[in-house]
Amino acid sequence: MSPGIVVLVAAVVAGVLLSVLKTWYDGRFRATRVIEGQAVSKPETSTDQLTAEDIGADLGERATLLQFSSAFCAPCRATRRVLAEVETMVDGVRHVELDAESNLELVRRLNILRTPTVLVLDAAGDTVTRASGAPRKADVIAALGAAVDRQAS
């Protein structure tokens, strides 16, 4: 077998594996911190706590879905639709969308690396969980459940 064919097959296999991994992790909510092997929702510092002044809008009574988007991002539009639909379904939840380019200080502070990124904030403005990529509606509702449960306890 020629070396060119081996390189081609290896490149195709690597591309397929990377595509599967991206599909698996894209839009999945994850804990904001991990300490000693356990997911920790409450940040140790207040850098993950946001106020209405930080985001330029009021926080939701029970939770806030904070979406970072960019102008030419197709998944951002799909995420906007999903989050707006969840906002209408769940009482006390507010969806706020911010342009990442216009809010670079906040993007750097929260370590936002790509758009769309969705942060789920509890009623106090603490980051409960986050997802990079377009999340599914069921995952958003589950993440909201964690934010509301945390508030109740």
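User: What makes strand 7 count as largely enclosed by the rest of the structure?

Analyst: This is a predicted model, by the way. Strand 7 covers residues 127-132, and six of the six are buried, so the strand is largely enclosed by the rest of the structure. Buried here means under 20% relative accessible area.

User: How do you know that strand 6 and strand 7 pair?

Analyst: Pairing takes at least two bridges between the strands. Strand 6 (residues 117-122) and strand 7 have five, running in the antiparallel sense, so they pair by that cut-off. One of the contributors is Thr-117, whose bridge partner in strand 7 is Ser-132. The hairpin has four residues between the strands, and Gly-125 takes a positive phi near 95° there.

User: Why is Thr-79 called buried?

Analyst: Its relative accessible area is 1%, and the cut-off for buried is under 20%, so Thr-79 qualifies. Thr-79 is found in helix 3. Leaving aside residues up to four places away in sequence, Thr-79 touches Gln-67, Pro-116, Val-118, Gly-133, Ala-134 and Pro-135.

User: Why is the pair Glu-85 and Lys-137 called a salt bridge?

Analyst: The closest N and O atoms are 2.2 Å apart. The limit is 4 Å, so the pair passes. Glu-85 sits in helix 3 (residues 74-89) and Lys-137 in helix 5 (residues 137-152), which links distant parts of the chain, 52 residues apart.

User: Are Glu-85 and Lys-137 buried, exposed or partly exposed?

Analyst: Glu-85 has a relative accessible area of 37% and Lys-137 comes in at 30%.

User: What does the salt bridge of Asp-54 and Arg-109 tie together?

Analyst: Their closest N and O atoms are 3.6 Å apart, again within 4 Å. Asp-54 lies in helix 2 (residues 52-55) and Arg-109 in helix 4 (residues 104-109), so the pair ties together parts 55 residues apart in sequence. Asp-54 is partly exposed at 28%, and Arg-109 is partly exposed at 34%.

User: What makes Arg-136 exposed?

Analyst: Arg-136 has 53% relative accessibility. Exposed means over 50%, so Arg-136 counts as exposed. Arg-136 also forms a salt bridge with Asp-139, with the closest N and O atoms 3.0 Å apart.

User: How many salt bridges does the structure hold?

Analyst: Four, including the ones discussed here.

How values were computed:
Residues numbered from 1 in each chain as written. Predicted model: local features only at pLDDT ≥ 70, side-chain atom pairs only at ≥ 80, totals over all residues. Heavy atoms only, no water. Salt bridge = Lys/Arg side-chain N within 4 Å of Asp/Glu carboxyl O. Helix = DSSP H or I, 4+ residues; strand = E, 2+ residues; numbered from the N terminus. Buried < 20%, exposed > 50% of the residue type's maximum accessible area, 1.4 Å probe, protein only. Contact = heavy atoms within 4.5 Å.
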